[in-house]
Amino acid sequence: MRRSSMFLYTRKEVSSEADVVSHQLMLKAGMIDKLAAGIYTLLPIGLMVIENVKRIVKEEMDRAGAQEVLMPSVIPAELWQESGRWDKYGKELLRIKDRHDRDFCYGPTHEEVITDLVRKNVRSYRQLPLNLYQIQTKFRDEIRPRFGIMRGREFIMKDAYSFDVDDQSAEESYRIMYEAYHKIFKRCGLNFRAVEADTGQIGGSFSHEFMVLAQSGEDAIASCDKCDYAANMEKARTDAKRLASKPEDNKGLESVETPNKKSVEEVTAFLKVPAGRLVKTLIFKSDNRFAAILIRGDRQANEVKLKDIFAGNEAVLANEEEVKKITAAPSGFSGPIGLKIDIIADNSVKGMTNFVVGGNKKDTHLINVNIGRDFEIKQFADIANIEDSDPCPLCDKGHLKIDRGIELGHIFKLGTKYSESMKAYYTDAEGTEKPMIMGCYGIGVGRTMAAAIEQNHDENGIVWPIPLAPFKATVIPLNTNHEGIMEVAEKLYKELTELGIETLLDDREDRAGAKFKDADLLGIPIHLIIGERGLKEGKVELKLRAGGEKEMVPVDATAARVKAIIVEAI
C-alpha cells in the first residue's frame, strides 16, 4: 500500500475521554472513528489488525476440529424465552420489535441460536461430538461503555459451541479448546494467563478466562509464583492450613466495653490487637434466609463466593433493622455467640483461638473467643477475597501474586443448562433420548487488538507483535525527489509485496521526521530507511520498532532479511 493513497490520518491530540493507552493510540494512529457511545468504525489500518487476529483464530479453531458457521445477529425472543434468559439477562440485552410488533433482540451471545440449530439437525450419538463457531458482530448495551473498543457496546467476537454425549466427552472438548486458546494467544505474541473463573450470565459448571497481563486491566487476577495455578479474584483460593495462625491454649472469655468503636480499624486499635485476630460477623440474607458469615478482620467478603453459599442466589447484607432483630444490637457489634441462625465461617477462621468478636450488645466486644466452646460453626467455606502473598492452594511452596488483567477469552463447560431447557436431545446406542452436554468458548477479537496495544507500546506509539501488525514493514525514502532513492524504494516495495509481505511505502513528500514519527506511532515492526549516505554504499538501514536495533543491509539482500525476521517471529 502506498501511503499517499491510503485512507489514513494520524493525529497528535485526541479527546480527553480516551483514558487508556489503547484507546488513545488507536485514535492517534487512525485505526478507529467514534460514531456513538461504545460504537466505532474500524478504519483500514485497524481492520487490517482485526483480520490478522481473525486469521489466527480461524486457523487454530479449524485445526482443533471446529467448523465455521454464521448465525443471524437478530434473534427472536421466543428462543430466549425458552432458555429462561429473556427476563434475566438485564438491560444489556438490546430488545427490539419488528413491523409486526414481534419481539427480537440483537444477539450479545448465541447459545440459544446454536442450540436451536443443532436440535433441528442432530438426533443421533453418531453425529457427536460437534463444535461449531462463528466470528460475528455482537451488541451489549453497556451502561458505561469506555476504553474505546475494549468495552464497547458493539464488538466483534468469536464464539464456539460444543455438543457431546456425556461429561467425559464434553471435558475432552473443553480440553481441546483450552489448548487451542493457548495457541491462539501465543501466536498473537501476548503475555497471558488462563485463570479459573466464575460462569456469570452464561452459566455452567466451570470455566476459565484467558487474561492478558496489563496494568490497565479492569480485572484483578491471582497467580502462583511457583506453579501454574491462576484464578480471577472471584474464584481465587488460598491454602487455609498455611494461612492459619498458630493455635494457643484457650483463655477465659471476657466482655470488653468498646464505646463507639464499630469498624475493624477502630476496635483493633482500641484493643491493641492486629486485624487478623478479630473475626467479623456479617449478617447476610437471600430469599428471606439469614446467615451469619464470619470472616477474619483483615479479609473482605467475596460476593461471587457468597452466592455459592446461598445455592446460587444473590446475597445482600441485612439492613439495620434486620441486624438488630437477629443480634439484639446495632450494626458493628454483631457476634456469633447466641445467634439462632446458621453460622458459616471462612476457611481462614478455622483453627483460630482466643479471637475477638462483637458482643451482640451496643459498645461491647468479646475477647478470647473460641470455636466449639463458645459457639458452633455449621459450615466452613471459601468466602473471602485472597490477598497478595497468600499461600498457593495448589502447591506447597508458592505464594499468590495479584496482577491486573484484560479478559480476552472465556471458555465454559455449560452442561445441560440450554439443552435441557430447549430440548436439544440425542438418541444413544440403546435408543434412549438424552440431553446433549454443551460447552461454549468466546474470544473478543477487537479486545485482543486493544489488549495487544496495552501490552506493547512506548512513548512513541504502538509496538505491534509481528503476527498482528497491519504492515510488517514500511519503506521510508528520505527524499522522494531523489531519483536513486525512489528507484530503490520502489524496488524494495515490489520485492516485499511479491513475497506476500504486507508493506507500506511512505511516498509522501514529507520531511523525514514526520515519516519516522508516523512509522513509530503505527507500530510497524520493520523500518527500511533509504537515504543518500546508505545508497553510496549500496545499503539500506533496517530498524526494528521493538528495541530500536539497527543494521545496514545490502539493497539486494534486504527483502530476504525482512522475510527471515518475519518467519522467525511467526
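This is a predicted model: local features need pLDDT of at least 70, side-chain atom pairs count only at pLDDT 80 or more; totals for chains, interfaces and linings use all residues.
## Overall make-up

The protein chain has 15 helices and 31 strands, where helices (H or I, at least four residues) and strands (E, at least two) are DSSP runs numbered from the N terminus. Residues are numbered from 1 along each chain as its sequence is written, and side-chain values use heavy atoms, with hydrogens and water left out.

Along its principal axes, the C-alpha trace spans about 95 × 65 × 45 Å. Of the 570 residues in the chain, 52% are buried; buried means under 20% relative accessible area, exposed means over 50%, and partly exposed is in between (1.4 Å probe, protein chains only). As for contacts (heavy atoms within 4.5 Å), take those with a separation of 6 or more: residues 24 or more positions apart account for 69% of them.

## Aromatic pairs

Rings of Phe, Tyr and Trp (its six-membered ring) pair if their centres lie within 6.5 Å; planes under 30 degrees apart count as stacked, over 60 as edge-to-face and the rest as tilted. By this rule the count comes to eleven aromatic pairs. One of them is Tyr106 with Phe139, an edge-to-face pair at 6.0 Å centre to centre and 65° between the planes. Tyr106 belongs to strand β6 (residues 103-106) and Phe139 to strand β7 (residues 130-139), so this pair ties together parts that are 33 residues apart in sequence. Tyr106 and Phe139 are both buried.

Then there's Phe185 with Phe210: the ring centres are 5.9 Å apart and the planes sit at 35°, so this pair is tilted. Here too distant parts of the chain get linked, with Phe185 in helix α5 (residues 167-187) and Phe210 in strand β10 (residues 206-213), 25 residues apart. Phe185 is buried at a relative accessible area of 1%, and Phe210 is buried with 1% as well. Phe185 and Phe210 also belong to one aromatic cluster, together with Tyr178, Tyr181 and Phe192.

## Charges over rings

A charge sits over a ring if NZ of Lys or CZ of Arg is within 6 Å of the ring centre and within 35 degrees of the ring normal. Arg85 does this over the face of Trp80, at 4.3 Å from the ring centre. Lys417 has its charged end over the ring of Tyr418, 5.4 Å from the centre.

Leu128 and Pro129 are joined by a cis peptide bond, with omega about 5°. Pro129 sits in the loop between α4 (111-121) and β7.

A couple of non-glycine residues have positive phi. Lys272 has phi near 60° and is found in the loop between α7 (264-271) and β14 (279-286). With 73% relative accessibility, Lys272 counts as exposed. Asn354 has phi near 55° and lies in the loop between β17 (342-346) and β18 (355-358), but at 5% relative accessibility Asn354 counts as buried.

Two packed helices are described by the angle between their axes and the distance between the axes. Helix α1 (residues 21-28) packs against helix α11 (residues 445-455) at an angle of about 105°, with the axes 8 Å apart. The axes are lines fitted to C-alpha atoms over the stretch in contact, and angles run from 0 to 180 degrees between N-to-C directions. That makes α1 and α11 roughly perpendicular, the label for 65 to 115 degrees (under 35 is roughly parallel, over 145 roughly antiparallel and the rest oblique).

On the α1 side, Val21, Ser22, Leu25 and Met26 meet Met449, Ala450, Ile453 and Glu454 of α11. These contact residues divide into six nonpolar, one polar and one charged; Ala, Val, Leu, Ile, Met, Phe, Trp, Tyr, Cys and Pro count as nonpolar, Asp, Glu, Lys and Arg as charged, and the others, Gly among them, as polar.

In helix α13 (residues 512-522), the buried residues include Ala514, Lys515, Asp518 and Leu522. Gly523 follows α13 and has a positive phi, near 75°.

## Around Asp33

Asp33 lies in strand β1 (residues 32-36) and is partly exposed, with a relative accessible area of 34%. Leaving aside neighbours within four places in sequence, Asp33 is in contact with Arg11, Ile39, Tyr40, Thr41 and Leu43. The C-alpha atoms of Asp33 and Arg187 are separated by 27 Å, and these residues are 154 apart along the chain.
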